[in-house]
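Open the model in your viewer and keep the selection tool at hand. The tour below goes stop by stop.

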Amino acid sequence: MHAQSGVGISGGQARIPATEPTDSDPRDQRYLPATSFRSRRSVLSGAQRETWERLWPELGLSVGGACGDGHGRDEPPLDTRAWFGRQAPLVLEIGCGSGASTLAMAKEEPDIDVIAVEMYRRGLAQLLCAIERERVSNIRLIRGNGIDVLQRLIDPGSLTGVRIFFPDPWPKARHHKRRFLQPGTVGLIADRLLPGGVLHVATDHPGYAEHIAEVGAGERRLCDADPDGRLPISIVRPTTKYETKAHEAGSAVTEFIWLKQ
Ligand SMILES: C[S@@+](CC[C@H](N)C(=O)[O-])C[C@H]1O[C@@H](n2cnc3c(N)ncnc32)[C@H](O)[C@@H]1O
């Protein structure tokens with residue numbers, strides 16, 4: 001596991017918006033394609049399907065049109081106290097993939113509740129199997145778009161942390177508007193964080209890192225975390241398969257740790 005702190009340490013289907021999305025309004029970004037920029041196998045193995053059918057009703061929730069029978073647009077925000085069966089600091093991890101970081105970090109911090117958000121069903125199924133295998137009780141899962149989740153399910157000032165590790169870089173210039181971290185999304189995250197809450201981002205893409213640094217610097221409710229200061233959640237992450245591949249390809253990882261003022 002490793003961590004660096006301080007800004008920029010070198011370190012279903014889309015609904016098409018009627019107008020071109022802007023960078024600043026997360027209502028437009030809600031219409032981000034409900035797919036990753038990499039193609040993904042979505043078919044579950046027999047064991048994954050069996051685990052999904054058994055555990056999803058208790059530990060999972062779907063949100064948004066992309067996932068069908070999800071949480072309705074007019075329903076109230078999540079009652080996380082009822083869902084986890086306790087009151088504890090809450091962390092949202094957006095784009096958890098198959099959940100390697102989610103699982104390792106939740107195991108290290110059993111007093112913190114973690115909600116993993118992902119659109120890719122097979123990744124969530126892998127995480128669900130690992131949760132059962134390793135008997136981890138402080139993770140819940142949401143299948144849907146992170147922007148919908150933040151907007152519709154999470155109360156303002158309710159999150160102790162938001163983690164976004166290796167968001168899709170969408171490297172082509174014409175696709176940059178699809179990047180998750182834009183001024184509107186970061187503003188939405190700042191709104192949902194408690195004062196003193198942490199936004200922790202890591203990327204292996206230099207162009208996206210520059211963009212993220214600019215977007216974070218432009219959000220006045222966020223400030224750089226003091227690398228030696230106390231933080232309410234751990235920023236120690238495991239090295240995932242995704243990150244190992246990035247290192248092998250010669251990419252440096254840039255890590256951002258911001259605090260909500
Ligand atoms: C490059 S992968 C990184 C996965 C994982 N965080 C890791 O470090 O291995 C990015 C993930 O973000 C998910 N994703 C992309 N846009 C998303 C969104 N708007 N809401 C939720 N998940 C999203 C993708 O499905 C993909 O699994």
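Start with Trp170, in the loop between strand 5 (159-165) and helix 7 (183-192). Helices (H or I, at least four residues) and strands (E, at least two) are DSSP runs, numbered from the N terminus. This is a predicted model: local features need pLDDT of at least 70, side-chain atom pairs count only at pLDDT 80 or more, and totals for chains, interfaces and linings use all residues. Residues are numbered from 1 along each chain as its sequence is written.

Trp170 is not a glycine, yet its phi is positive, about 40°. Most residues other than glycine have a negative phi. Is Trp170 buried or exposed? Trp170 counts as buried, because it has 20 C-beta neighbours inside 10 Å. The cut-offs: buried is 20 or more other C-beta atoms within 10 Å, exposed is 12 or fewer, partly exposed is in between, with C-beta atoms placed from the backbone.

Now select Arg135, in the loop between helix 5 (121-133) and strand 4 (139-143). Arg135 also has a positive phi, about 50°. Arg135 counts as exposed, with 7 C-beta neighbours inside 10 Å.

An open sheet is formed by 8 strands in the order 1-4-3-2-5-6-8-7, with mixed pairing. Two strands pair if DSSP finds at least two bridges between them. Strand 1 (60-62) and strand 7 (222-224) are the edges, each pairing on one side only. From one strand to the next, the twist averages 20°.

Zoom in on strand 5 and strand 6 (residues 193-203), a parallel pair with 6 bridges. Here Phe165 stands opposite Ala202 of strand 6.

Next, colour helix 5. Helix 5 packs on the sheet and touches strand 1, strand 3 (113-118) and strand 4. Contact requires C-beta atoms, placed from the backbone, within 7 Å. The direction of helix 5 makes about 165° with that of strand 4.

**Helix on helix**

Helix 2 and helix 5 pack at about 80°, with axes 9 Å apart. Axes are lines fitted to C-alpha atoms, for helices over the stretch in contact, and angles run from 0 to 180 degrees between N-to-C directions. Helix 2 is therefore roughly perpendicular (65 to 115 degrees) to helix 5. Residues in the contact include Trp52 and Trp56 of helix 2 and Leu128 and Cys129 of helix 5.

**Last stop**

Select Leu153, in helix 6 (residues 146-153). Leu153 is buried, with 22 other C-beta atoms within 10 Å. Then pick Pro77: its C-alpha atom is 4.0 Å from that of Leu153, although the two are 76 residues apart along the chain.

How values were computed. Angles under 35 degrees count as roughly parallel, over 145 as roughly antiparallel, 65 to 115 as roughly perpendicular and the rest as oblique. Two residues are in contact if their C-beta atoms, placed from the backbone, lie within 7 Å.
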